[in-house]
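Hi,

Here is the structure I said I would pass on.

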Amino acid sequence: MASSKGKGNFNCWHCGGLSVWKVLVKILGSEQIAKKAMATYYSDTKQKPVPVVARPKTLWTPPGLESIKKVHKQYLKKRGFDHHALAKWEIQGTTYQSGDWNWRIVFPIHDINGKPVSWCGRTVDPDTKPKYKMSDNRHILVNPKEMIYGIHLAKDFVVIVEGATDVWRLGVGAVAVLGIDWKMEQVSILRQFPRRYIMFDPEPQAQKQAQK
């Protein structure tokens, strides 16, 4: 399929001319999702190209990463987690001398094939902001918009939640879009699962995003 620059259409050698709208609906499988994609990405005016971020070949590791300590275990217990049951999520920890990663429970984010592509850390100190720390964009192996926590362990269904701790609480099969501002790239990945259940938090804004 070849595109026609500036005209908002494609020319398929088999089907003939097709509009961007028809192509998106066919690919994404829903007019609602296609509308969101058009509103987010499509413009009929000339724009400067978005710079491409060069991705590293190997995964960067947060400073001071080691096995979880007493302080991490106490935090998990307070949140109702058994640290032994979280072994499948490969949790580790940092203490001091880790800069922005100080005093965090740290865990990898995998792609759908099980390859670690980024790190995330949840602070155990209530006064530390932000609560969650993600690898810098330059250290992530894939487009951050494509990341879905827990996707590598899911089989024939997914329960879509907001954050990593929600995944830990529900177990294998739960996946997190890491917030409520989900991306079209994440939707495209999740579509391959025949059964999809959405379980965002009860706050009105979260429920509005869940309905979308």
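A quick definition before the sheet: two strands count as paired when DSSP finds at least two bridges between them. On that basis, β8 (residues 157–161) pairs with β9 in the parallel sense, over three bridges. Bear in mind throughout that this is a predicted model.

Those strands belong to an open sheet of three, in the order β9-β8-β10 and with parallel pairing. β9 (174–176) and β10 are the edge strands, each pairing on one side only. On average, neighbouring strands of this sheet are turned by 30 degrees against each other, ignoring direction. Within the sheet, Ile160 stands opposite Val175 in β9.

At least two lining residues come from each of α2 (31–41), α5 (184–190), β10 (195–198) and α6 (204–211), and α5 gives the most, with three.

Last, helix α1 (residues 20–28). Val20, Val23 and Leu28 are buried there. Seen down the axis of α1, the buried residues fall within an arc of 110 degrees, so they line one face of the helix. Lys22 and Lys26, on the other side of α1, are exposed. Just after α1, Gly29 takes a positive phi of about 80 degrees.

Cheers

Notes:
Residues are numbered from 1 along each chain as its sequence is written. This is a predicted model: local features need pLDDT of at least 70, side-chain atom pairs count only at pLDDT 80 or more; totals for chains, interfaces and linings use all residues. Side-chain values use heavy atoms; hydrogens and water are left out. Helices (H or I, at least four residues) and strands (E, at least two) are DSSP runs, numbered from the N terminus. Buried means under 20% relative accessible area, exposed over 50%, partly exposed in between (1.4 Å probe, protein chains only). The arc is that of the directions from the helix axis to the C-beta atoms. Axes are lines fitted to C-alpha atoms, for helices over the stretch in contact, and angles run from 0 to 180 degrees between N-to-C directions.
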